[in-house]
Amino acid sequence: MQYDVAVIGCGVIGAAAAYSLSKYKLSVTILEAENDVADATTKANSGILHAGYDPEPGSIMADMNIKGVKMAKELCKKLDVPVKWPGSLVVAFSDAEMKTVKQLYDRGIKNGVKNMEILNGSQVHAMEPALSTEIKGALLAKDAGVVYPWEYALALAETAVRNGVELRRNFKVNQITKQGKDGYMLKSESGDFVTAKYVINAAGVYTDFIHNLVAPPAFKILPNRGEYYLMDKTEGNLVTRVIFQCPTEKGKGVLVSPTARGNLIVGPNAVDGKKDYTGVTRSGLDYVEEYAKKSVPSLDLRASIRNFAGVRANNDQNDFIIREAENAKGFIDLAGIKSPGLTSAPAIGERCVELLDKAGLKLEAKKVFIDTRKRIKFTDLSVAEKQELVKKNPLYGRVICRCETITEGEIIDALRAPIPPVSVDGIKRRCGTGMGRCQGGFCGPRVMEILMNEAHISYRDLVMDKTGSYMLEGVTKGQEGDNL
Amino acid sequence: MSGSAENTYDLIVVGAGPAGLAAAVEAWNKGLKKILIIERAKEAGGILVQCIHNGFGLHYFKEELTGPEYAGRFIEMAKKTGIEIKLDTMVLDVTPDRKVHMINTKDGYQILEGKSIILAMGCRERTRGAIGIPGTRPAGVYTAGTAQRLLNIEGYMPGKRVLILGSGDIGLIMARRLTLEGAKVLACVELLPFSGGLTRNIVQCLHDFDIPLYLSHTITEIKGDRRVTGAVVMKLDEHRKPVPGTEMEFDCDTILLSVGLIPENELTKKAGIKMDMRTKGAIVYEDRETSLPGVFACGNAVHVHDLVDFVTEEGQLAGAGAAAYVQGTENTDSKVIELENGNDVGYTVPQHIRPGKMGDMTGVYFRVRSVHKEPCFISIKSGSTEIARLKRDHMAPGEMERINLTKDQLKNITEKITISIEAGDAK
């Protein structure tokens, strides 16, 4: 069958596009290269919902940012996505930086950002006692938030799937051919193919590669790596707002921020890199430490529970690329979606629908559209609710992850959801198992067992994360040939 | 739901590892009759269950047992009493008024009350995130204890070409275990100029299998996109900075981390109990009572031990303490002597001694901060008075020290006691 729309990539941008499309009577498929959604840039970033004072007034970025942050408020509530709205501070260490703060404020006003204020040093310290006494002042933006980005993407993708969108995983598009006067055939690395009248290119750092399969080169992705520390929840209240430093040409600088799940995140640096390399380096981590301590001198990195890095999909142009590709009718690029891309995602999804409408796609709204999502998060419940829940389903009474108090019931829920996990980290991202201070040391073997049993996976096929990330080499002596 | 006689226990012990089992049995023997042990695992015995090697019990039982055998002895003792054990049960909260919130699949969520409580949650392993090893994040990086569980309990081989970072005891034990199981252990790499493990484990687990130990080295990069494909190891200078040009690349598919253990004290902290930044455990008195009256702590939850025998001993102290607390037989003499770590001593446990509550003698555990190959002295002083001076031929951070203080020695002591290490020629 020919789909109306094929979305390449299920990061937060592809997921948002699919979510917007799922409101209409269309056949839509998402083609995801990895074995899970949001397995690249979306899973490794600061998780900030920006208020909107950063982008150049009049840019697509400014427009998407402002719309996106408003939409996020409602979406996160409806789709049960962990989010907090602590506000942000851009701190200045000198008079020159105070000028930058003023410029940001003015830009914010032009962009239509509300609830901003320029603070002096003592106001800043009264709000955030852990900040450096060197700080001269700051821009306060009350409408900035922190979201768990991975879950945001999952919630959008899952809702799209519940509304009829199809998700194909391990479908790594490496060939696209035009078919007749409209439509495309998309082939995967392993030889599968689908056809679709319209194509959305949301392939993140690979959007240039995908674009070039059907159209003359029009932009280039310049992958840029950012490294982070994720700190124990004991540090989660060190600062109560997102603390930025003044932006430079390289980006928004090193931030220190509470996360939506109660940890503290510290980073990133900015290093030109490769599309697929997400390692961390000593020099990168040292840089992050130095700059973070400039804002928060008392930061204790011994409370780090994990380092990670993500790759920004920067492009060689100064704005997001959201448009139909030249010489490729019905082929929409969503490229170079760097920060504030996460914030902009739902607005980009809506824009995408507008572009498809213009390109000739017939849109008819569905009568029934599921726009809510609810999941059980045991640890957030009251004692009475917990008691009630365990009575109904005893599996909520078995705690698997002791650091984060995640129950077997929640893991089983995830394994039976519209987009079930196929890896240990897939469960981790959905439920939080192994995200705490022991990093899965205790719950790892139990999660492996539940995954193997529930998803009928043999130990040979058990993966930590992406395809090929096998966890077990074999069985112990005397067991070979046993039916494990 | 709380407050009823049915839900009230003389003693609730959190954790059925060696510390919790010994504590409960001792409290029973001292006369407490309504005792409950709550254990999160599906079996009692704690981490001993996966420690299938021998060498346990040399001090306590005067014989060499495996971990499961050692645990088995205490499980048997507990079975002969009326102690109740709830397995596969998680304690979610311990409150300052000694309510214990627990949950399992059978009883659901319950709030119990303990006239006394003993915290014996054990410890957890430090992870890669805590030490920030650069490189990629592929599958195949395990903490040594997790690998031990996979191998000895679940029956899986985690990998076949293994590099071990850290020379803690579990890492050393796993070097031997993996070798016997058919894996190739390429090397053990230790950041410090000395091993953190017991000498006997260095000899029996590394030397006997020709596994090289690189002291003052560390992993500077982990390689591999999906599964570990290698690691770079470098020598460190005296400031623990990698020395350029000393890179060695290991072709491994697995990295085990044995880089330290940390007492598990989330419940302790939530209960508002005073913690010791040095041990990462609760601050305790001689009978292992914490800052919260009637709440005791013992074993690796208080400080990380090398030998289970001492964990047992500490559990028994806590068990006896809890029994005395509930029975109201405690001496009310309120004198408290503070213990302080002096030269080259990292910490002491207990941190305070109440001479009125101790028996004729009380043990003090501590660790030195550096390796002493020459004979030296442990000096125990209070003000200008030297209470005792003990000679040791050899001391190392990897081997916990124990000294005894007698009631008699403490009789006239009013000031805090300082324990320090002095060079052999000092006297």
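Chain A has twelve helices and 23 strands, where helices (H or I, at least four residues) and strands (E, at least two) are DSSP runs numbered from the N terminus. This is a predicted model, in which local features need pLDDT of at least 70 and side-chain atom pairs count only at pLDDT 80 or more, while totals for chains, interfaces and linings use all residues. Residues are numbered from 1 along each chain as its sequence is written, and chains are lettered from A and ligands numbered from 1 in the order in which they are written.

For the 484 residues of chain A, a compact globule would have a radius of gyration near 23 Å, and chain A agrees, because its value is 23 Å. That radius is taken over C-alpha atoms, and the globule rule is 2.2 Å times the number of residues to the power 0.38. Along the principal axes, the C-alpha atoms of chain A fill a box of roughly 65 × 60 × 45 Å. Of the 484 residues in chain A, 57% are buried; a residue is buried if 20 or more other C-beta atoms, placed from the backbone, lie within 10 Å of its own. Among contacts in chain A with a separation of 6 or more, 72% join residues 24 or more positions apart, a contact being two residues whose C-beta atoms, placed from the backbone, lie within 7 Å.

Chain B has nine helices and 30 strands. A compact globule of 427 residues would have a radius of gyration near 22 Å, and the 23 Å of chain B agrees with this. The C-alpha trace of chain B spans about 65 × 65 × 40 Å along its principal axes. Buried residues account for 52% of the 427 in chain B.

Chain B is divided into domain 1 (1–125 + 261–330), domain 2 (127–259) and domain 3 (333–427), with bounds from an automatic or database domain assignment. The centres of domain 1 and domain 2 of chain B, taken over C-alpha atoms, are 32 Å apart. Five residues of domain 1 of chain B are in contact with eleven residues of domain 2 of chain B.

Because 17 of its 20 residues are buried, helix 8 of chain B is largely enclosed by the rest of the structure. G328(B) follows helix 8 of chain B and has a positive phi, near 70°.

Methods:
Buried ≥ 20, exposed ≤ 12 C-beta atoms within 10 Å, placed from the backbone.
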